[in-house]
Amino acid sequence: ECTARRERTNTPLQALLLLNETEYLKAARNLAAHQVLVNSTTTNEQKVNAIYETITTKIPDPQELKVLLGLYRELEKMYLETPKLADAMCAGMTLTTQESKAALSAWTMVASSVYNLDRTKTRE
C-alpha cells in the first residue's frame with residue numbers, strides 16, 4: 001500500500017522519531033556543516049534562511065526567523081557551557097575549538113527543529 005502524502009498526526013512517536021533518530025540528526029548535522037558553517041561570512045539571519053529554505057523550500061516569516069535565531073543563541077550558549085554535549089554531537093567531525101563544536105551543535109539542532117516542523121512533514 002502506498003500513500004502519496006503524509007497525514008497529520010498527534011502521536012508522540014513521530015515526533016520522537018524525528019527528534020531522536022540518528023539518521024535525522026546526521027542529516028541535520030550535514031546540512032549545518034556544509035550549508036551553514038562553510039559560509040562563515042554570512043550572518044546568522046542568512047544561515048537560518050538557508051537552512052529553512054533548503055528544508056521547506058520557503059523563506060521563514062519574521063516571527064519564525066526571530067524564534068529560530070533565539071533558539072540558536074540559547075543552544076550555542078548551552079553547548080559552550082556543557083562541552084561534553086557538543087563533543088557528543090560532533091563525534092567523528094574534525095573540529096578543533098570548542099566554539100566551532102558549539103556552533104555546529106547549535107546549528108544542527110536548529111536544522112533538526114526545522115525538519116520536525118509540520119510544514120516540513122506534511123508538505124502541501
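How many helices and how many strands are there in the protein chain? The chain holds seven helices and zero strands, where helices are DSSP runs of H or I with at least four residues, strands are runs of E with at least two, and numbering starts at the N terminus. This is a predicted model, in which local features need pLDDT of at least 70 and side-chain atom pairs count only at pLDDT 80 or more, while totals for chains, interfaces and linings use all residues. Residues are numbered from 1 along each chain as its sequence is written, and side-chain values use heavy atoms, with hydrogens and water left out.

**Overall architecture**

- Read from the N terminus, the order of elements is α-α-α-α-α-α-α.
- Of the 124 residues in the protein chain, 33% are buried (under 20% relative accessible area, with exposed meaning over 50% and partly exposed in between, for a 1.4 Å probe and protein chains only).
- Among contacts with a separation of 6 or more, 61% join residues 24 or more positions apart; contact means heavy atoms within 4.5 Å.

**Helix 4 and helix 6**

- Two packed helices are described by the angle between their axes and the distance between the axes.
- The axes of helix 4 (residues 62-81) and helix 6 (residues 98-115) come within 8 Å and cross at roughly 140°; axes are lines fitted to C-alpha atoms, for helices over the stretch in contact, with angles from 0 to 180 degrees between N-to-C directions.
- Helix 4 and helix 6 are therefore oblique to each other, given that angles under 35 degrees count as roughly parallel, over 145 as roughly antiparallel, 65 to 115 as roughly perpendicular and the rest as oblique.
- Helix 4 contributes Leu68, Leu71, Tyr72, Leu75, Glu76, Tyr79 and Leu80 to the contact, and residues of helix 6 including Ala102, Ala106, Met109 and Val110 meet them.
- The contact residues comprise 13 nonpolar, three polar and two charged (Ala, Val, Leu, Ile, Met, Phe, Trp, Tyr, Cys and Pro count as nonpolar, Asp, Glu, Lys and Arg as charged, and the others, Gly among them, as polar).

**Helix 4 and Leu75**

- The 20 residues of helix 4 reach 29 Å from first to last C-alpha, close to the 28 Å expected at 1.5 Å a residue, where the expected span is 1.5 Å times one less than the number of residues.
- Leu65, Leu68, Leu69, Gly70, Tyr72, Leu75 and Tyr79 are the buried residues of helix 4, and they pack against helix 3 (44-56), helix 5 (83-89) and helix 6.
- Leu75 has a relative accessible area of 13% and is buried.
- Beyond its neighbours within four places in sequence, Leu75 contacts Ala106, Met109 and Val110.
- Leu75 and Met109 lie 34 residues apart in sequence, with 7.8 Å between their C-alpha atoms.

**Helix 3 and helix 6**

- The axes of this pair come within 10 Å and cross at roughly 40°, again with a right-handed crossing.
- Residues of helix 3, among them Val48, Ile51 and Ile55, meet Trp107, Val110, Ala111, Val114 and Tyr115 in helix 6.
- This contact divides into nine nonpolar, two polar and one charged residue.

**Other buried positions**

- Lys101, found in helix 6, counts as buried at 19% relative accessibility.
- In helix 2 (residues 22-37), Ala28, Arg29, Leu31, Ala32, Ala33 and Val36 are buried, and their cover includes helix 3, helix 5 and helix 6.

Conventions:
A crossing is left-handed if the near helix is turned anticlockwise from the far one by less than a right angle, and right-handed if clockwise.
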